[in-house]
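Come along and check each entry against the model.

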Amino acid sequence: FQIRVLDETTMNVEFEQEFEVGVRSYTLYGLAPAGKYIVFARYINLIGSQKNWAEQFRFVTEAALELGVSVHGENFLTVAWQRAGLPVLRPSSSQPSSAHGPRP
């Protein structure tokens, strides 16, 4: 059978490959963060007739992570991260925290 992946926005073919009998999974790398894609499949039946491409499903990849310093002081740093395009994270408190507990 064959798999084809289209970028939903541009309708460009991002991936197309024929798979041997018995292949049950495949990992596709290099897709764009927050990209919208459509997956199509087709196969050749036992008498050798090739079927038309048929849409199987649509998916959206996760957005890239944004990383930033949200609070810093004389002896501490708070780093925050989130998926791109989401509301800005706010620190839960202005007090520094430590993995070892509060300092005396």
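Two strands pair if DSSP finds at least two bridges between them.

Ground rules. I am working on a predicted model, where local features need pLDDT of at least 70 and side-chain atom pairs count only at pLDDT 80 or more, while totals for chains, interfaces and linings use all residues. Residues are numbered from 1 along each chain as its sequence is written, and side-chain values use heavy atoms, with hydrogens and water left out.

Hairpin. I found that S1 and S2 form a hairpin with five residues between them. Strand S1 covers residues 2-7 and pairs with S2 in the antiparallel sense over five bridges. Gln 2 stands opposite Glu 18 in S2.

Sheet. I then traced an open sheet of four strands, ordered S2-S1-S3-S4, with antiparallel pairing. Its edge strands are S2 (13-18) and S4 (54-60), each of which pairs on one side only. On average, neighbouring strands are turned by 15° against each other, direction ignored; the axes are lines fitted to C-alpha atoms, and angles run from 0 to 180 degrees between N-to-C directions.

Positive phi. Met 11 sits in the loop between S1 and S2, and I read its phi as near 65°, positive in a residue other than glycine. Met 11 is partly exposed at a relative accessible area of 47% (buried means under 20%, exposed over 50%, partly exposed in between, with a 1.4 Å probe and protein chains only). Ala 34, in the loop between S2 and S3, has a phi near 60° and a relative accessible area of 44%, again partly exposed.

Core. Which residues make up the largest nonpolar core? I listed seven: Ile 3, Val 5, Phe 15, Phe 19, Tyr 37, Val 39 and Ala 41. Such a core is a set of buried Ala, Val, Leu, Ile, Met, Phe, Trp, Tyr and Cys residues joined through side-chain atoms within 4.5 Å. S1 and S3 (36-42) are the elements that give two or more residues to this core, and S3 has the largest share, three residues.

Contacts. Leaving out residues up to four places away in sequence, I saw Val 5 touch several residues, including Phe 15, Leu 28, Tyr 37 and Val 39 (contact means heavy atoms within 4.5 Å).
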